[in-house]
Structures are given as structure tokens and as C-alpha cells.
Amino acid sequence: MGKTPDAKVITIAGSEESGFADDTGPKAKFWNPSDIVVDSDGNCYVADTDNHRIRKIDPEGKVTTLVGTEEGFMDGPSDVACFSKPEGIAIGPDGDLYVADSENNRIRKITLQSGKIAVTTIAGRGIQGFADKPKTSAQFYNPSKLAVDRSGNIFVADTCNARIRKITDDGAVSTIASHPESASETFTPPGIAMDPKGDIYFSDSANHRICTLRRTDKGFSFSVLTGSKDFALNDDLEQISCVDGVGSKARFKAPHGLACDSEGNIYVADYWNHRIRMISLKNGEVKVTTLAGGEEGFADGKAKTARFSYPMGVAVDSKD
């Protein structure tokens with residue numbers, strides 16, 4: 001879509017009718033896709049949640065099923081592997097894909113680089129709960145999104161546990177953020193992203209904020225980046241939930257997926273506002289602007305007239 005004022009929104013695949021079909025452009029069908037990521041060749045990989053599949057869209061708009069069949073759980077080759085409502089997808093430094101398999105409460109890996117597509121479980125026991133333990137002894141509760149750093153560490157938005165978790169390359173699972181302000185206040189993080197410096201950003205959907213975990217010598221330091229639990233008021237004292245502005249003056253409504261570009265800008269799928277927003281971090285100022293969207297609906301075209309309906313995921317390609 002780009003970042004310029006004359007940016008345009010176009011549909012590369014799918015239609016308004018939900019379902020399943022591998023085809024090209026508008027002939028393809030998805031069912032509640034939740035996340036997307038783009039590789040260096042311009043291929044898009046989609047977590048097609050209610051179809052329980054990972055789909056691939058090539059640069060020409062051809063859609064194929066990469067892996068997944070019926071709902072369930074199974075590791076193995078692409079023709080037998082199963083997922084249950086996968087909600088998050090990320091590309092690792094090895095070029096392989098990592099998936100937050102939400103209803104299976106597991107983090108899975110799709111190996112692409114060996115020449116044969118295969119799915120393995122990185123972490124998660126498969127039972128809803130919380131446990132910081134190694135590999136498949138760990139427990140998650142509906143993990144929704146994830147990010148992978150340059151060292152191969154995986155960071156998970158463990159949504160229903162209200163935690164941000166880390167999985168190291170040897171499979172050790174730990175918690176790096178939970179209940180940031182008080183024991184009585186939780187957050188629900190349905191989105192997570194990492195900038196080029198390795199700082200982490202996550203969406204605090206229930207509190208309508210974007211938060212950050214900045215790397216320090218002792219680990220990570222939590223802070224609220226932008227947004228507020230309190231909605232703004234207009235001149236008629238009516239609540240408004242979409243406000244562009246600086247820092248805590250900006251307003252979101254249940255933000256979901258996030259992505260960062262090479263310059264450190266953050267892009268937000270602002271779910272209940274039906275918009276795509278951008279957060280710039282220049283000269284120490286946190287500034288929020290709306291890139292595209294408005295009232296709920298569907299429309300391609302110029303950014304201001306384009307329409308979305310509950311956007312959940314966002315990705316940035318190598319061209320930014």
C-alpha cells in the first residue's frame with residue numbers, strides 16, 4: 001500500500017464470500033484470515049484461521065494451500081499436518097515459517113528450506129494453561145501472534161494468558177511481560193512485532209493501547225507507547241475512539257496485528273476502527289496517523305476512501 005498520501009488499496013486475492021478455494025485473485029476464497037507475512041520474493045503467507053490452513057499467495061495472485069487439511073493436530077508432511085485455528089504467522093531468519101496454532105495451544109514450525117515442506121511443534125503441550133517449561137512441556141492459552149528475531153528467538157502474544165512469552169532456539173519458554181501496571185490490571189495482547197533494533201511492540205487490545213518492551217542489559221523494560229484506556233471526547237462530549245495525534249492523545253479501539261518496517265515505523269490493524277494506522281518514532285516523538293480506512297465496509301481505491309472490516313493482521317514487504 002505504501003506510506004505516501006496518494007497510496008492506494010488493492011485486493012490481491014479473495015472475495016467477500018467466505019469459504020475455501022485455491023485459485024487466482026478474486027476467485028480464491030478464505031475464511032477469516034487472521035495474519036499475513038511476506039517473504040523476500042514477494043510471496044505472501046496467510047494464516048487462514050477458520051479454514052485451519054496456511055495459504056500462499058504468489059506475486060501474480062495465485063493462491064495455493066501450503067499446509068493444513070481438516071481441523072485437528074498432527075505434525076508431519078504437508079499432506080497430513082493439521083492445525084486448529086492458526087492465528088499468527090512469522091518468518092524466521094532461516095526462511096522457515098512459524099505459526100501460532102491458537103486452538104491447539106502450540107507454536108509450530110513449517111520447514112521450507114529442506115526441499116520438503118514439513119510441520120513440527122516447537123513448544124506447547126496442547127492443553128490450555130500456563131507453564132514456563134521446556135518445549136512441549138510448556139503451556140499456552142490461545143496464542144495469537146508471534147515475531148522472530150535475528151537469532152531465532154520466538155516472541156509470542158499469549159493472549160488468554162495475558163503474557164508475552166519467549167521461546168529460545170533450544171526450546172526454553174519464559175515469560176517476559178505480564179500484568180504491567182498492577183496485579184488487578186491485565187492486558188490482552190493479540191498482536192506483536194519487532195523493530196530492526198530488536199525492541200518489541202505489542203497491542204493491548206482490551207486497554208486500546210500499543211505498548212513496548214525495550215531491550216536493556218537486564219532484559220526488557222515495559223512502557224505504554226501510545227493510546228489510552230480512556231476514549232477521547234468531541235465538542236458534543238460524545239466518545240470517539242479514533243484520534244490521530246501524539247503519544248497518549250491518540251486513540252485506538254481494540255488494536256490487533258502489528259508490523260514494523262526497516263525505518264522503525266509501526267503499522268497497526270486497528271480492529272474496531274476498521275483502519276490501518278501508522279506510528280512514527282522520529283526525533284523522540286510518537287506520532288499516530290491513519291493510512292487507510294474509515295467506516296466498516298469493503299472498497300479498494302485511494303487510502304481515504306478505501307474500506308476494511310475488522311482488520312486483524314498487517315505485514316510490510318521488503319520494499320516497505
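In what order do the four strands of the open sheet lie, and is their pairing parallel or antiparallel? In this predicted model, the order runs S15-S16-S17-S18, and the pairing is antiparallel. Strand S15 (191-194) and strand S18 (219-227) sit at the edges, each pairing on one side only. On average, neighbouring strands of this sheet are turned by 25° against each other, direction ignored. Further in, strand S16 (residues 200-204) and strand S17 (residues 209-216) are joined in the antiparallel sense by five bridges. Ile200, for instance, has Leu213 in S17 as its bridge partner.

Strand S15 also turns up in another setting, the second largest pocket, where S15 is among the elements giving two or more residues to the lining. The others are strand S2 (33-38), strand S7 (86-91), strand S11 (143-148) and strand S22 (255-260). The pocket holds about 1100 Å³ of space. Its lining takes in 44 residues, and those nearest the centre are Val37, Ile91, Val148, Met194 and Cys260. Sorted by class, the lining comes out as 23 nonpolar, 10 polar and 11 charged residues.

One of these lining strands, S7, is worth a look of its own. S7 is mostly covered, with five of its six residues buried. S7 pairs with strand S8 (residues 97-101) in the antiparallel sense, again over five bridges, and Ala90 stands opposite Tyr98 in S8. Together S7 and S8 make a hairpin, with five residues between the two strands. In that turn, Gly95 has a positive phi of about 85°.

Note on methods. Residues numbered from 1 in each chain as written. Predicted model: local features only at pLDDT ≥ 70, side-chain atom pairs only at ≥ 80, totals over all residues. Heavy atoms only, no water. Pairing = 2+ DSSP bridges. Axes fitted to C-alpha atoms, helices over the stretch in contact; angles between N-to-C directions. 1 Å grid on protein atoms, 1.4 Å probe; cavity = no way out; pocket = protein on both sides within 12 Å on 5 of 7 lines; lining within 4 Å. Points joined across faces, edges and corners; volume = space filled by probe spheres on them. Nonpolar A, V, L, I, M, F, W, Y, C, P; charged D, E, K, R; others polar. Buried < 20%, exposed > 50% of the residue type's maximum accessible area, 1.4 Å probe, protein only.
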